[in-house]
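Student: I have a two-chain model open. Please show me how to read the interface and the fold.

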Amino acid sequence: MIDHETELKLQAYLDGELSAGEAKAIAGMLGRDVCAQGLYQELRIAQSLLPGNELERMLPESREFYWSKIQRQIDRVESTQADGLPEEAASRWWPRFLAPAGVLAALAVFVAVVLRSPEGGGTFLALDDSHEIETPLEETSSFSFRSEAAAMTVVWVDSHRE
Amino acid sequence: MFCASSFLVRSGPADLNLQAQLVWGTNNEKPDDPKLKEVDPGVAEKLRKVFKWKNYFEVKRQNFTVAAGSPKKVKMSDDCEIEVQSLGSSSIEVKLYGKGKLAVRKTQKISPSELLVLAGDDKDDTAWFVVLSQPAK
């Protein structure tokens, strides 16, 4: 019987993620431990099968709409958290903002740089920030995005319906 | 259902001819409602490229003209109304009213091949759409 820590080490060994010393120790264990050998073989089989048979997950909607919903949810959660913080807590809160802000910045870079159509060089996805949008009602929010593929600008109005 | 859509075309030096459609999106089959029509295939195809719903039905279509400097209100349903104003230089301001309240205001450049869609979700995993573009001449 091998413990969970050893199981993880075996998996890391298979993935080539261990240091030289750790890899040597695991290799030695594999030479004398039948249970470890069995688990290692199972992991090898799984590793060989996954790349060609991993289930492809298709989005039910466009990439633009999918990512814009995630962006909206992030904005909403952050807005709620910021509104609910007492003054003292808020003063300690800003350092923790750096992490999600970094994620958002990375997402923005991803959108602006990575998601470009390879052949034309034009933007494949664009959050529509070039035109003014306003949502005066408190119980509603909205966001805008553009789909180049559909030649369409969308203003999605969320009435916060549960 | 909250609202519909509209389209823009130049008819005079400063006027815009618009077509407004109220569209309902659903994954179910067409309800037994004679008021619902199939959406133009081109518009439906564009909507399918962006949104998850399979079927789109036109609830109402409005053609109207927006004169320069004169906002035009168009009633799309009992609860939904849009107001479009030409700002010049191919820009328009669109206001969407739900139950008489201003829900969203959007300023957008327009072009003949583009759609401007105001949309939101509705009950039972359905959605309403307001689309702005140029109607066929």
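Student: How many residues of chain A are in contact with chain B?

Tutor: Two residues are in contact if their C-beta atoms, placed from the backbone, lie within 7 Å. Here, 28 residues of chain A contact 24 residues of chain B. This is a predicted model: local features need pLDDT of at least 70, side-chain atom pairs count only at pLDDT 80 or more, and totals for chains, interfaces and linings use all residues. Residues are numbered from 1 along each chain as its sequence is written, while chains are lettered from A and ligands numbered from 1 in the order in which they are written.

Student: Which elements of chain A give two or more residues to that side?

Tutor: Helices (H or I, at least four residues) and strands (E, at least two) are DSSP runs, numbered from the N terminus. In chain A they are helix 4 (63-84), strand 2 (133-134), strand 3 (141-147) and strand 4 (152-158). Strand 4 of chain A gives the most, with seven residues.

Student: What is the pattern of chain B along the sequence?

Tutor: Chain B has one helix and ten strands. The order is β-β-β-α-β-β-β-β-β-β-β.

Student: How much of chain B is buried?

Tutor: A residue is buried if 20 or more other C-beta atoms, placed from the backbone, lie within 10 Å of its own. Of the 137 residues in chain B, 40% are buried.

Notes: A residue is buried if 20 or more other C-beta atoms lie within 10 Å of its own, exposed if 12 or fewer, and partly exposed in between; C-beta atoms are placed from the backbone.
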